[in-house]
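This report describes selected local features, with the cut-offs behind each term given where the term comes up.

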Amino acid sequence: MQVTDDLNKLLEILPEKIRDRVEGHPALSSLIEVVMDLGRLPEARFENKAEYLGDTPISRADLDYAIDRVGHFSGDNRAGIEQTLHRISAIRNRTGEIIGLTCRAGRSVFGTIRMIRDLVESGQSILMLGRPGVGKTTALREIARVLADELEKRVVIIDTSNEIAGDGDIPHPAIGRARRMQVAMPELQHKVMIEAVENHMPEVIVIDEIGTELEALAARTIAERGVQLVGTAHGNQLENLIKNPTLCDLVGGIQSVTLSDEEARRRGCQKTVLERKAPPTFEIAVEMLERQRWVVHEQAADTVDSLLRGRQPNLQVRTVNEKGKVSITNELYAPSTAQVAAPAFRGSSGLRGSGKMQPLPGPENFAEPRRTARSQKVAEQQTFEQMLNESLYRHNPLGGGAEYGGLGEMAAPGPNGEDLPLHIYPYGVSRHQLDRVIRTLNLPVMVTKDIDSADTVLAVRSHVKNHSKLRQMAKNRQVPIYTVNSNSVPKISHALRRMLNMEDMGNLDAAELSLFAQNGNDDEIEALEEARLAVEQIVIPKGQPVELLPRSGKVRKMQHELVEHYRLKSCSFGDEPNRRLRIYPA
């Protein structure tokens, strides 16, 4: 890569005592910015560190010296140095006087878009995402040059703060043949965007820092006129943009829709869901995680749809090494909010921390947990009920034929002797819970939306019972149906393991324990760890019931599901806030 920085022009605006310290610094080539605040020590910031430039605080005369040598400060408190890419930003007090300056070094880097050169040439609109300082504007500048000089397109740059093409009336050579339109005030950027399309007939419009709803709407208007857009927005990942009500229109906008009963059962979700409202303004999204590591979403619409449905999209990660070689790999999506790791069990203060887990007297002192009985069943459903029960409770379903396939003996590993991964068509089963179990247990299973490509069907028992069409489709395609009583994690986990002819989990590790937690916070993990220890150290080996510490209703439900995983019985007793769980031996 070829780098042009004009650092000497930036150093010329600094007071002499500061300039001398910066010029003699060994890391001058990696300088990011020089900060001068009234009454504080001057500071130089580099890629990996920051250093003070002397022992003398900045005076009013030092600030005036720098202000006199830069251009006019616009409405966004930014100025520049003519025909350079450096940016000078001001901090003002309540009366409007400048009391601080951030002198940021601007560099033009030729070859920085090698990783996405094919996307730039495709003619599709591209949105660049990333935190401040990761190089979005540098990449935008190089994209404009490549489109104008090498692809010979008519490119117009909307340069609100003169950061892309530099300060002054003559644009910096780094943008090549591209034309630059300046913006008088930042709040007028959306009008200049429309003006560029109406007056100058561009094939490509380049916009830096789309930040308001009006600018997002102007970008959509431009895209609908057939003009290629290249823009940037602040946000580490596409998920951040979806959650931003101001900018979510860039990726199609979000709306709440109500599904039919049939569609809600098929998806295994609630009736009211979030869906994308329109096609994205930008067909391609690029997440600039680091300067040499970018994540590319070539179909931004598909990624947004996957995120809204709680699925994990496959990511295309592009990196470039020191020799300039680009490598492309596929990785799993990592959410922007890190998941909380499951800590070891530890006590807490207050009521819960004061109690001790003790075995209780024999089970004869306690009443059996109440069992709920269903009402009378329709006579013609009895045969089907028996088939469902066989599906739920048989230990080796792979050797005894499927409910609707009628195939007799079947070979492992799949229900029909298929190669792994096993393709499952879920019906009425929570897609989020299903994906979570598959991912945590690392099972060789893939979820499909097409029953024709499925090896088996996983359905909620009550939904299958009332859906003769699904039973008939499965029978015609000789696809077995496995059923679960509910959408709980233990039920789904047992069903998947039955399909794969795997033994159920014994003792749980931290990752498997987190399956039963909803939010993964310390309170939930602590309660689950308490229940796990009670089962594995007292109930199973000693055959004694155990009474746990008081918990909230939501947490007790998680403990019930964990106990159910061990094929044990449990019940809640007592009055709030001291209501707690009792676990009984088998």
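## An open sheet and its helix

In strand 26, Arg582 is the bridge partner of Glu547. Helix 18 (residues 522-542) packs on the sheet and touches strand 24 and strand 26, its direction making about 30° with that of strand 26; contact means heavy atoms within 4.5 Å, and axes are lines fitted to C-alpha atoms, for helices over the stretch in contact, with angles running from 0 to 180 degrees between N-to-C directions. Helices (H or I, at least four residues) and strands (E, at least two) are DSSP runs numbered from the N terminus.

The sheet is open, has 3 strands in the order 24-26-25, and is paired in antiparallel fashion, where pairing requires that DSSP finds at least two bridges between two strands. Strand 24 (546-547) and strand 25 (569-573) are the edge strands, each pairing on one side only.

## Basis of the values

This is a predicted model, in which local features need pLDDT of at least 70 and side-chain atom pairs count only at pLDDT 80 or more, while totals for chains, interfaces and linings use all residues. Residues are numbered from 1 along each chain as its sequence is written, and side-chain values use heavy atoms, with hydrogens and water left out.

## Arg78

Arg78, in strand 5 (residues 78-80), counts as buried because its relative accessibility is 18%; buried means under 20% relative accessible area, exposed over 50%, and partly exposed in between (1.4 Å probe, protein chains only). Leaving aside neighbours within four places in sequence, Arg78 is in contact with residues including Phe73, Ile88 and Glu209.

## Helix 13

Helix 13 (residues 431-441) is largely enclosed by the rest of the structure, because 8 of its 11 residues are buried. Among them are Leu434, Val437, Ile438 and Leu441, and just after helix 13, Asn442 takes a positive phi of about 55°.
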